[in-house]
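Here is a short note to read with the structure open beside it. The points below go from one pair of side chains to the chain as a whole, and then to its surface.

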Amino acid sequence: MLEELQTLALVGLLVSTYYLTIGCRKIGDSLPTESGQISDKVGDATDVLDDIANLLNEGLGAIAGTPISQTASS
């Protein structure tokens with residue numbers, strides 16, 4: 001009984017290894033499209049970060065351009 005169970009487990013491993021190998025061979029087909037989508041998303045995020053950096057730079061420039069008001073000490 002134990003030998004039949006071991007044989008069944010080994011056949012299951014053999015079948016699952018076959019499908020895993022086929023899946024790994026096909027993964028190359030989907031990688032170029034996925035990498036293109038990731039590049040587009042990174043490009044969009046870079047544009048947003050550039051806009052934020054420009055706003056911060058303008059804000060700091062406006063703050064640095066205003067004179068500091070001091071009151072006279074008595």
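Are tyrosine 18 and tyrosine 19 buried or exposed?

1. Both of these residues, tyrosine 18 and tyrosine 19, are exposed. Please keep in mind that this is a predicted model.

2. Searching the whole structure for aromatic pairs gives 1. Its members are tyrosine 18 and tyrosine 19, in an edge-to-face arrangement, with ring centres 5.3 Å apart and 70° between the planes. The pair counts as edge-to-face because an angle over 60 degrees falls in that class.

3. Tyrosine 18 belongs to helix H1, which covers residues 2-65. In total, the protein chain has 1 helix and 0 strands.

4. How much of the protein chain is buried? Of its 74 residues, 0% are buried. The accessible area of the chain is about 7,000 Å², and 66% of that comes from carbon and sulfur atoms.

5. Why is aspartate 40 called exposed? Its relative accessible area is 52%, and exposed means over 50%, so aspartate 40 falls in that class.

Key
Residues are numbered from 1 along each chain as its sequence is written. This is a predicted model: local features need pLDDT of at least 70, side-chain atom pairs count only at pLDDT 80 or more; totals for chains, interfaces and linings use all residues. Side-chain values use heavy atoms; hydrogens and water are left out. Helices (H or I, at least four residues) and strands (E, at least two) are DSSP runs, numbered from the N terminus. Buried means under 20% relative accessible area, exposed over 50%, partly exposed in between (1.4 Å probe, protein chains only). Accessible areas come from the Shrake-Rupley method with a 1.4 Å probe; for residues, only the protein chains shown count as cover. Rings of Phe, Tyr and Trp (its six-membered ring) pair if their centres lie within 6.5 Å; planes under 30 degrees apart count as stacked, over 60 as edge-to-face and the rest as tilted.
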